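Colleague: Before we talk, could you put the model on the screen, so that I can follow along?

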Amino acid sequence: MLQRKHLPDLAVALVLASGFFWLYAHFGLRLAQGIYFDYLNLAFDFDPPYFIDFLVGTLPSGVNYKHPLSMLFRPFASLFLLLGFEPKAAAALVMALFGGLTVALVYAFACLAQFGRLLAVAATLFFGASSTPLFTAIVVESYGWASFSIVLVWCVYLVGERAKVVPTQAALFAAVLAAGVTITNIMQAVVA
């Protein structure tokens with residue numbers, strides 16, 4: 001339950017999430033204007049064409065065995081399509097959205113770990129501006145969702161530790177999301 005003392009942290013998390021969403025959206029939309037999303041990138045194992053199709057194309061004919069829950073993110077892309085964005089731009093905005101939400105979860109994690117507000121903001125800014133979150137928030141792939149789900153797993157873990165009660169439904173949801181986005185990430189939930 002959200003208590004009044006947590007409202008400032010909620011406000012900070014919303015500011016961080018929206019600020020990084022706009023930053024990531026700026027770069028993601030620029031990337032969507034070119035041809036980068038049209039090809040597989042074997043050097044960095046990015047598969048944008050597949051994920052754009054999962055998000056905004058026709059339903060894939062086969063099952064995405066590596067990322068079975070990637071279709072959960074399709075409604076977000078549909079919303080951006082309804083707002084008039086082109087398919088590649090809508091997919092890029094979904095990634096930027098979850099990049100911003102991941103930044104907010106990192107701030108929540110820092111608060112739950114009792115960093116103190118100033119150190120939590122500094123650590124979150126450092127995280128959000130670093131290269132991995134930046135690239136996973138602008139390239140349409142599963143890595144951004146994987147980051148989101150891993151941080152969610154650890155936030156749920158810390159909530160349980162602080163409350164001395166395991167939030168079973170939340171822990172199960174986070175574990176299933178982590179595994180459904182990238183199966184190897186189930187180990188994060190197992191360790192937590």
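Modeller: Helices here are DSSP runs of H or I with at least four residues, numbered from the N terminus, and the expected span is 1.5 Å times one less than the number of residues. This is a predicted model, in which local features need pLDDT of at least 70 and side-chain atom pairs count only at pLDDT 80 or more, while totals for chains, interfaces and linings use all residues. Residues are numbered from 1 along each chain as its sequence is written, and side-chain values use heavy atoms, with hydrogens and water left out.

Colleague: How many residues of α4 are buried?

Modeller: Buried means under 20% relative accessible area, with a 1.4 Å probe and protein chains only. By that cut-off α4 is mostly covered, and the count of buried residues, out of 26, is 20.

Colleague: Which residues does glycine 28 contact, leaving aside its neighbours within four places in sequence?

Modeller: Glycine 28 lies in helix α1 and is buried, with a relative accessible area of 0%. Counting contact as heavy atoms within 4.5 Å, and leaving aside those neighbours, glycine 28 touches Phe37, Ala92 and Ile138.

Key
Buried < 20%, exposed > 50% of the residue type's maximum accessible area, 1.4 Å probe, protein only. Helix = DSSP H or I, 4+ residues; strand = E, 2+ residues; numbered from the N terminus.
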